[in-house]
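Student: Could we work through this structure step by step? I would like to learn how to read it.

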Amino acid sequence: MRERRGKRSPTSAFLERAFRYFDVASALSFGSSPMSGTILAPTAQDFNTMPDRSAMAAVDTLFGLVADLWPLIHRLASLVDVKRNLEKQELASPGHEKANNMRSDFETNTSSIELALHQWIPKIPAVVVATENPADDSRLQSILNNAEAHRQAAFVFLYRNLLSQPRSSAKVQTSAKQALQTCLRVVIFSGPMAALVWPLFTAACEAIEDNDRNVARTVFRHLETRQGMNNIVTAWEVCEEIWRRSDAGQGDIEWRDVAQDLGREVIFG
């Protein structure tokens, strides 16, 4: 597909990006692997498909500034099934060479992703950096915070869903707090919020302190008011129930179990 990129129409380029985005969003929603194999970071050519007078047109309308972070999140989502298979193998044949090799590969992959997340910074198009339009600057700040929210939520997902660290661990709480604060700044700068549900929900599920939960409630409220979509209300309801059960001493709780108990389904994207 990459060889033919120079011949693609703006519509086909957008549809390819949309598939990459919603494929991973669906996998995160249902705890499954993405349908697509390894995806490549997009090129600048992928985004320069529609003429626009605003400098912010150089920022992709679908991905914002997380386009080259998306392959990492794709890898995270893909490792969920790998972890399930690893645990089955270790249970069936503890200490077996196959299980040991699977464990080694899994740990190598998670360590590689963690390092890549630490090193990742959003790439701001030069035309955006040079803009003197205050409205564009506010929008850029919002999009930058959205990107950081995704990065911090990816850390939360890595530590909680793949490495099985407890909710109370320092790594989980630090990343969850930072993700919630960056989600709040997206709201403050009144930028695009359509892609905010996954980082908000992922971090909010792990919130322990009242201050962090209130930040999450504030962002959920603004999202609901601005977008009015059922998946936002559902995600909020599931978070509130997770907090209630956590405070009641139920320990680590799987959000999909809570959603099922409530007869709800949380969809990202």
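**Reading the fold**

Tutor: Read along the sequence, the protein chain runs α-α-α-α-α-α-α-α-α-α-α. This is a predicted model: local features need pLDDT of at least 70, side-chain atom pairs count only at pLDDT 80 or more, and totals for chains, interfaces and linings use all residues. Residues are numbered from 1 along each chain as its sequence is written, and side-chain values use heavy atoms, with hydrogens and water left out.

Student: How many helices and strands does the protein chain have?

Tutor: Helices (H or I, at least four residues) and strands (E, at least two) are DSSP runs, numbered from the N terminus. Counted that way, the protein chain has zero strands, and its helices come to eleven.

Student: What percentage of the 269 residues count as buried?

Tutor: Buried means under 20% relative accessible area, with exposed over 50% and partly exposed in between (1.4 Å probe, protein chains only). Of the 269 residues, the buried part is 47%.

Student: Which residues of the largest nonpolar core touch the most other members?

Tutor: A nonpolar core is a set of buried Ala, Val, Leu, Ile, Met, Phe, Trp, Tyr and Cys residues joined through side-chain atoms within 4.5 Å. In soluble globular proteins, nonpolar side chains tend to be buried together. This core has 70 residues, and the ones that touch the most other members are Phe-201 and Phe-220.

Student: Is Arg-245 buried or exposed?

Tutor: Arg-245 is found in helix 10 (residues 230–247). Its relative accessibility is 13%. Therefore Arg-245 counts as buried.

Student: With which side chains does the side chain of Arg-245 make a polar contact?

Tutor: A polar contact is a pair of N or O atoms within 3.5 Å; within protein, one must be able to donate a hydrogen and the other to accept it, and residues adjacent in sequence count only if both atoms are side-chain atoms. At 2.8 Å, the side chain of Arg-245 has such a contact with that of Glu-241. At 3.0 Å, the partner is the side chain of Asp-261.

Student: Which residues is Arg-245 in contact with, leaving aside its neighbours within four places in sequence?

Tutor: Contact means heavy atoms within 4.5 Å. Leaving aside those neighbours, Arg-245 touches Gln-250, Ile-253, Val-258 and Asp-261.
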